[in-house]
Amino acid sequence: MADSDRPEKDSPARPARRKPSASKQPGKARATAKSAAKSGVKSGAKSGAKSASKARTKPAARRKTATKSPKAAVSPRAEAPETGAMPPGAEIASSPFAYGALPEIPVEDVKRLEELSRNLMQSALKSQKVLSDVMRKSLEGDQSMLPQADPLHAGPEMLQVWENILSDPELLMQSQADLYRGYMDLWSGTMGRLMSGEAKPAVEPEKGDKRWRAKEWSEHPVFDAIKQSYLLNQRFLMGLVSGVKGVDEATKRKAEFVTRQIVDAMAPTNFALTNPEVIRETYETRGENLTRGLMNLVRDLERGQGRLALSQTDMEGFEVGKDLAATPGQVIFRNEVMELIQYAPATEKVRKRPLLIAPPWINKFYILDMRAKSSMIAWLVEQGFTVFLISWVNPGPELKDASFEDYIRKGLFTALEKVEQATGETKIDTVGYCIGGTMLGTALALMAAEGDTRIASATFFAAQLDFELAGDLLVFIDDEWFKEIGRLMDAQGGVLDGRTMADTFNMLRSNDLVWSFVINNYLLGRQPQAFDLLYWNADQTRMPKRLHLSYLENFYKKNRLARGEMEMAGHRLDLSKVTIPVFMQASREDHIAPAASVYRSVKLFGGKAQYMMAGSGHIAGVVNHPDAKKYQHWVNEALPDTLEEWLAGAKEHPGSWWPHWRAWLFDQSDTMVDAREPGGGRLKPICPAPGEYVKVRS
């Protein structure tokens, strides 16, 4: 007898075993079943063969009739005669494969299935609409909507690198031997875990790799093996590319970057069937997470008008000027490239020398004025500084021809004039952050050439002036990328849209800023949470074509300022002519302005300069409020030839570097005066801080 035809072990009565010959007579068995159906078992059926015939043609009606009878049984076995013998053929009717034994689906499951199907249908229809819109725009000539086979334009470099790898038998043999050894260790370790529960891993994730936080990646033998297999392959591929010989540094750097992007994309965490967290969520929600994820994907495609605009945070969770950038102040001047904000004093006495901050124009300035507990602007005001800040315009096509010199003269130099009008001071301390620092350094060289002495000291946050070691962003400055950027800006009216800039920076940390949100939004079907830093990161600005291309050409591609080859307003710019005091902050884990690159930059000045390195990266290394008591910083007054020598002589201090910088500023000038109100009675405030330019969304 087949297993499906056997009575349950706990059945109250077990029928007599059939004779072997019976199982070989299917016709007789069918006749027996038919006879049983006609005569009926003790189930409340009243119409004999007529009811059985209806049940065969209308199963739903049969089940409905059966449930109406108060004597209806779940299966014929339960109503077997008390004699202990089951009616002939009843064991066939009791099989889960039997026609009348299908269980009823609970109403709530039917409703959930119906809702799931409806959501999938709606998502499919929306997906088709989005796809048709993309195709229509492509056919109408919007080239930015067309898919690209090589979006990183790295085909020639990758071909050259792999040709050199395949022609190097020593590199191949060593790498393959390491891979083989790793898999042998993985196999023995996995078998050890299955047998005894303990084993030494063959490979460990890099420190800080957050992809493997789910407990299954370390506790479950199968998922642990999947993780280690991926890490071994990752090490193998990256080792081949990093060990290649016979290619120039730029080619190797681009190949490493592209290989890293591919390897990150292929991680098992990014796929539903190999991510234990997604599997668990799918089981618990009966697949609703995938439905929600598809809807999230459709919304992101709609928001990007066919291009994927990956949601990283709830963009409705904050309001600039209320939740962020809320330090009191006034806009005291405005022109076509910037608004100048003066912040209201928080102390009765303030430092006599004002402080002017030039943030990057690639991002919004309020990274320095987030919530009160982390705001550098609010902290500086509380320390007794009169703080001025440039808020750059979010440019449109009307500024496509604005130049780097325009931003210096109409931005920084005009701001210096207005600070002098508002305070009466002719000596001003300045700060430049990131590209704002690159502009400040260039302006200092121009001022030295023109004999302008209004800037008394300069502080640089994560800023580069020497781009020889500029890090991963060097990948995006070759000829192919210049053509691509130019094409995009022409298609967008002469500006580079903020989403393109955001995508570029996100690629530098794809696991944290891309794939983690793909998993959260599309596989787990969750909504991004409101997070101030990610809100700021998504609030990108546009870039004028002439300004952006000249910046990439002069600094990243040609490194002209550091080499003394850059010209502006008829002057050859020379940073060695800048002799004012300089304070240069770097961050140990900065991937945009690497610490080594910043160290090369500080060595270019001709006066007394101090280099200081903070813990963390490009943002957290700069914005680290003392009350947070996080990270650390290193100080060394000397400037030896190399960063390694500087580190050897540096002293580590816990916590924020802001108090150390404050002391440095007061060492330059500690005279105090009565607090100044915005405008100083000489400039009429235009509107409250943070102004209007910062609120313009791309």
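Arg 546 touches Lys 400, Asp 401, Ala 402 and Ser 403, leaving aside residues up to four places away in sequence, where contact means heavy atoms within 4.5 Å. The C-alpha atoms of Arg 546 and Asp 401 lie 5.3 Å apart in space, although 145 residues separate the two in sequence. Arg 546 belongs to helix α21, and its relative accessible area of 48% makes it partly exposed; buried means under 20% relative accessible area, exposed over 50%, and partly exposed in between, with a 1.4 Å probe and protein chains only.

The structure is a predicted model, in which local features need pLDDT of at least 70 and side-chain atom pairs count only at pLDDT 80 or more, while totals for chains, interfaces and linings use all residues. Residues are numbered from 1 along each chain as its sequence is written, and side-chain values use heavy atoms, with hydrogens and water left out.

The protein chain contains 24 helices and 17 strands; helices (H or I, at least four residues) and strands (E, at least two) are DSSP runs, numbered from the N terminus. Of its 698 residues, 47% count as buried, and among contacts between residues at least 6 apart in sequence, 80% join residues at least 24 apart.

Helix α21 (residues 545-557) also packs against helix α17 (residues 479-491), at an angle of about 170° and with the axes 11 Å apart. That makes α17 roughly antiparallel to α21, since angles under 35 degrees count as roughly parallel, over 145 as roughly antiparallel, 65 to 115 as roughly perpendicular and the rest as oblique. Here axes are lines fitted to C-alpha atoms, for helices over the stretch in contact, and angles run from 0 to 180 degrees between N-to-C directions. On the α17 side, Asp 479, Phe 482, Ile 485, Met 489 and Asp 490 take part, and they meet Lys 545, His 548, Leu 549, Leu 552, Glu 553 and Lys 557 of α21.

We turn now to the sheet. An open sheet of mixed pairing is formed by 11 strands, in the order β15-β14-β13-β12-β7-β6-β4-β5-β2-β1-β17, where two strands pair if DSSP finds at least two bridges between them. At its edges stand β15 (651-654) and β17 (687-688), each of which pairs on one side only. Within the sheet, strands β2 (residues 338-343) and β5 (residues 387-392) run antiparallel and are joined by 5 bridges, and Met 338 stands opposite Trp 392 in β5. Helix α15 (residues 404-423) lies across several strands, including β1 (329-334), β4 (355-358) and β7 (455-461), and runs at about 150° to β5.

Helix α16 (residues 435-450) holds Thr 442, which counts as buried because its relative accessibility is 0%. Thr 442 touches Phe 404, Ile 408, Phe 555, Leu 561, Met 566, Met 568 and Leu 573, not counting residues up to four places away in sequence. The helix itself is largely enclosed by the rest of the structure, since 13 of the 16 residues of α16 are buried. After α16 comes Gly 451, whose phi is positive, near 75°.

Finally, Ser 510 is found in helix α19 (residues 510-523) and counts as buried at 4% relative accessibility. Ser 510 touches Gln 261, Asp 264 and Trp 515, again not counting residues up to four places away in sequence.
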